[in-house]
Structure formats: structure tokens, C-alpha cells
Amino acid sequence: MKKYLAEMIGTMVLVLMGCGVAVSLGCDPVNNIPAVVGTACAFGLAVVAMAYTIGGISGCHINPAITLGVFLSGRMSAKDCGMYIIFQVIGAFIGSAILYLLTSSTEGGAIAGTGANDLQLGVTAIGGLLAEIFFTCVFVLVVLGTTDAKKGAGNLAGLAIGLSLILVHLVCIRYTGTSVNPARSIAPAIFQGGTALSNLWIFIVGPFIGGAVAALIWKMIGSDEK
């Protein structure tokens, strides 16, 4: 149970800090580039912080797409996979609820929003889906590679993963606001509603496909078989 609770807490922190910075800075991929950089760093730094906090307890997935990739790579059981995802979503809802409470309590709604993902200006549903697939694949591949027992980065894995998430955000925010994490998208969309909710399927389907493809790629290039 401790590892499930660790995933819940880690995902809560990721959503609260990452989405919180996006809302506080007014992240706009066209008109506010400094906020884009700040948001990207917030998500990456949150992952680094949690990796070194709960990594030794749960492995610090805090992302259903990563959990799926780890499961398909044969590193965890189906039961743990399902329980991880459930507690990650619960954690995301807690983080979003806290953020919603904070932003909705500001005078006149001066700071409003949940940092929900949505298609950005001029981006089609197919374009958004492809972006989420591609960038989730890259991110999960980094996770699988750096945490591999034999070929991984050891104690530096958390840093490498956090930096890669910053990089992914810097590229992908312009298209979808960057999800690469279904839990991170589900909770904020529920609180925000509107197109964020109607387009939510993109941020569930895309990351799961990307995570599965990353697991397949790692099996091909990371296997000891020649």
C-alpha cells in the first residue's frame, strides 16, 4: 500500500506544482514565452524532486503512460499496474482540487484556471494526437532506458528524466499544452470543463499509445538478445 500512496502523493505534487505554475505565470505558447519556459521547468523539477523523494518506494512513475510502459516491459505485475494508475489519478484530482480552490478564491477570479490541456490555436485533433504519441514515446523511452537495472543511469536517472520532461514540454506546449500523462490531464479537465473536457480523449489515448510504443522500442534496442 505504501507504494500506491507514494504514487498518489507524487502525482498530486506534479499536478499542483506543474499546473500551478502554468496558471500563475499565465502560460501562453504564443504571447508569453517566458511563462512557457517556466512551466516546462516546473514540471521537470517536480519530477526530479519526487524521483528522489519516492523513487525508492514506488519507482516514482506518477504517470499512467510510464506505468503502462513499465508493465509492457515486464517490470511489474498487472495488479500493480492497475493500482498505480488508479492512485495516480486520485493524486491528480487532489492536486487539481487544491489548485482550483486557490485560483477560485482569488478576488474577482484574478487568477483562474486549472492548467488543463487543450489543443492550441491552429492545431487539429489529429495533430494533437500525433504530438502526444510522439513526445510521450520519447519521454517514456528515456524513463525505461535510464531506469534499466543493467544499462540505466543509476542515481542520475531522476535528473535525466526530469530534464527530458522539460525538453518535451518546450517542444510540445505549442501544440497541446503538453500532457504526456493521462492523470495530469484528466483531473484538470474535469474541473475546467469546456473544450478541455471534450478533447480529453486525445490526452488519454495519445500518451497510452506513446507509452506502449516506447516499451516496444526498448524491448528491441535494450534487450540482451542479439
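Student: Where does Lys 151 lie?

Tutor: Lys 151 is in the loop between α5 and α6. Helices (H or I, at least four residues) and strands (E, at least two) are DSSP runs, numbered from the N terminus. This is a predicted model, in which local features need pLDDT of at least 70 and side-chain atom pairs count only at pLDDT 80 or more, while totals for chains, interfaces and linings use all residues. Residues are numbered from 1 along each chain as its sequence is written, and side-chain values use heavy atoms, with hydrogens and water left out.

Student: Is Lys 151 buried, exposed or partly exposed?

Tutor: Buried means under 20% relative accessible area, exposed means over 50%, and partly exposed is in between (1.4 Å probe, protein chains only). Lys 151 has a relative accessible area of 38%, so it is partly exposed.

Student: Which residues does Lys 151 touch, leaving out those up to four places away in sequence?

Tutor: A contact means heavy atoms within 4.5 Å. On that basis Lys 151 touches Gly 145, Trp 218, Gly 222 and Asp 224. For a distance between C-alpha atoms, take Lys 151 and Ser 58: they are 93 residues apart along the chain and separated by 20 Å.

Student: How many helices and strands does the protein chain have?

Tutor: The count is nine helices and zero strands. The radius of gyration is taken over C-alpha atoms, and the globule rule is 2.2 Å times the number of residues to the power 0.38. For the 226 residues here that rule gives 17 Å, and the chain has 16 Å, so it is as compact as a globular protein of that length. Along the principal axes, the C-alpha atoms fill a box of roughly 60 × 40 × 30 Å.

Student: What share of the protein chain is buried?

Tutor: Buried residues are 50% of the 226. Among contacts with a separation of 6 or more, 76% join residues 24 or more positions apart.

Student: How is the span of a helix read, and what is the span of α1?

Tutor: The expected span is 1.5 Å times one less than the number of residues. Helix α1 (residues 2–25) has 24 residues and reaches 34 Å from its first C-alpha to its last, close to the expected 34 Å. Just after α1 comes Gly 26, with a positive phi of about 70°.

Student: Which residue has a positive phi of about 40° although it is not a glycine?

Tutor: Most residues other than glycine have a negative phi. Ile 62 has a positive one, about 40°. Ile 62 sits in the loop between α2 (33–58) and α3 (64–72), and it counts as buried at 2% relative accessibility. Its contacts, beyond residues up to four places away in sequence, include Glu 7, Leu 14, Met 50, Gln 88 and Asn 181. Ile 62 and Gln 88 are 26 residues apart in sequence, with their C-alpha atoms 5.8 Å apart.

Student: Where is Thr 178?

Tutor: Thr 178 is in the loop between α6 (157–176) and α7 (182–192). Its phi is near 65°, again positive in a residue other than glycine. Thr 178 is buried, with a relative accessible area of 0%.

Student: Why is α3 said to be largely enclosed by the rest of the structure?

Tutor: Seven of its nine residues are buried, so α3 is largely enclosed. Pro 64, Ile 66 and Val 70 are among them. The cover over the buried residues of α3 includes α4 (78–104), α5 (125–146), α7 and α9 (202–222).
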